[in-house]
Amino acid sequence: MKVYKDYEDLPKIKLPLDQEVCISDSTIRDGAQMPGIVLKSGHKVRIYDYLHEIGIEKLETFVYNERDRKAIDLMLDRGYEVPEVTGWARAKTEDIDKVLQIGGLNETGILMSVSDVHILEKMGLPSREAAEDRYLEALQYAVDHGLATRAHVEDMTRADNYGFVYPMIEKIMEIDPECTIRVCDTIGYGIPFDGVDEPYGIPSITKYLKDEIGVKNIESHCHDDFGFAFTNSMAAYWYGANWSNVTFMGIGERAGNAEMEKLLLFLGQRVEGFDKYNLDVITEFSEFMQKEIGIRVPRNKAVVGKNVFSHESGIHAAGAIKNPFTYEPYPPEVVGGERIFLIGDSSGTEVLRYKIQETLRELIDVQITVEKKDPRLKSIQKDIQALYDNEKRVSCISDEEIQGYVEKYFLFEPVVEKNMSRESAYSGEFVPDPLSRKNNDV
């Protein structure tokens, strides 16, 4: 009989093809195109620092203006081995020249739009053939000048892949067999299910590139318009891709991109053999993005939302107090987070008792076990519930308010001596230490 009572008890899954997978970042490039935000050079360098701490393999950036080039110089001055800084260019020789002019860049992405609406209307070209000629010429130019290449096959999930895109990719591989083919799900039409073919199926695209054309390096670049960006990125890995291009917190145009933090967490916690990435800075990174860049993050957003490790509901909070595994899928320290217990309209006696004991310990440096039947506990619970019953309260009770209740009912009356002990570095008789004393008024 299998018993799952702890994180270590749960098995991890394996990628079917057991390939090594890597991550490239587009926070500074695609993410910077998110409406309403501006990334200054200092922001870009700090993001680069976080990506280095995590261990992300590559980063792509624009090279067009002075701000771009200043940020690149500052990043290269760091001397990091990872992430490797790479350029991005339209399929024009003058764009590739801009990449070549920056010493230290050895790779460029080349935009190759392949859907008819992009070719004929956006770019104003007369035909698919004209587009192909332009793309192959730019690729050849980059290769001839010593650059490694990434073919950004834009809008592939709305293109005629069998009739146009796959034959073109065969020609790309003849020019540069090491070229990374980036499958761009540009407006989120991709489907992660096996058996879905032209033009949406991410599994079918990935398998065709790998098995029929022999592409060595396949990368997904997925947008989240239908909410499938992360899932499509994992599907690409599952069927043979070895790269995924993502942004931190999924920032980017419209609904954004696949979220790096989700990919990192899933690989690290759920898949065998992925311990090369450091997730300790994820929470700090997200706080930087919110404070300095102005990204507003929903409280319930996976991995980086403030509520990910917050417990209020009576049953949930009681379970998490006894054993965090009960309601937390991974420990908060994995991503540098904190466990927080909140008092609200759905809170029960157990979490309130926990918060009172926590407050008493901090106020008087004494560990006290408050009994469940303690009349003072019942009085505090009655006062709090009255606020919600009278509909005078629409937020959680802050730590400062809990302290006020504790002072009123416990410190202005004799403290019960039962189950008291002076806190000591050598005592092991206490309730679990809380991880936060922040103001939780939300």
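Predicted model: local features only at pLDDT ≥ 70, side-chain atom pairs only at ≥ 80, totals over all residues.

Colleague: Which residue does Asp-194 form a salt bridge with?

Modeller: With Lys-207; the closest N and O atoms are 2.9 Å apart. Lys-207 sits in helix α7 (residues 202–213), while Asp-194 is in the loop between β6 (180–185) and α7. They are 13 residues apart.

Colleague: And Lys-207, what is its relative accessible area?

Modeller: 28%, so Lys-207 is partly exposed.

Colleague: How many salt bridges does a search of the whole structure find?

Modeller: The search gives 32.

Colleague: Where does Glu-107 lie, and where does Lys-58?

Modeller: First, the contact itself: their side chains meet in a salt bridge at 3.0 Å, N to O. Glu-107 belongs to strand β4 (residues 107–113) and Lys-58 to strand β2 (residues 58–60), so the pair ties together parts that are 49 residues apart in sequence.

Colleague: What about Arg-128 and Asp-160?

Modeller: Their side chains meet in a salt bridge, 3.0 Å from N to O. Arg-128 is in helix α5 (residues 128–144) and Asp-160 in the loop between β5 (148–154) and α6 (161–175), so this pair ties together parts 32 residues apart in sequence. Arg-128 counts as partly exposed at 24% relative accessibility, and Asp-160 does as well, at 27%.

Colleague: Which residues do salt bridges that share partners join into one network?

Modeller: Arg-29, Lys-58, Glu-60, Glu-84, Glu-107, Arg-150, Arg-182 and Glu-219.

Colleague: OK, fold now. What do the eight strands make?

Modeller: A closed barrel with parallel pairing, in the order β1-β2-β3-β4-β5-β6-β7-β8. On average, neighbouring strands are turned by 25 degrees against each other, direction ignored.

Colleague: How many bridges pair β7 with β8?

Modeller: Three, in the parallel sense, between β7 (residues 217–222) and β8 (residues 243–246). His-221 stands opposite Asn-245 in β8.

Colleague: Which strands does helix α9 touch?

Modeller: Helix α9 (residues 260–270) packs on the sheet and touches β1 (22–25) and β8. The direction of α9 makes about 165 degrees with that of β1.

Methods
Residues numbered from 1 in each chain as written. Heavy atoms only, no water. Pairing = 2+ DSSP bridges. Helix = DSSP H or I, 4+ residues; strand = E, 2+ residues; numbered from the N terminus. Axes fitted to C-alpha atoms, helices over the stretch in contact; angles between N-to-C directions. Contact = heavy atoms within 4.5 Å. Salt bridge = Lys/Arg side-chain N within 4 Å of Asp/Glu carboxyl O. Buried < 20%, exposed > 50% of the residue type's maximum accessible area, 1.4 Å probe, protein only.
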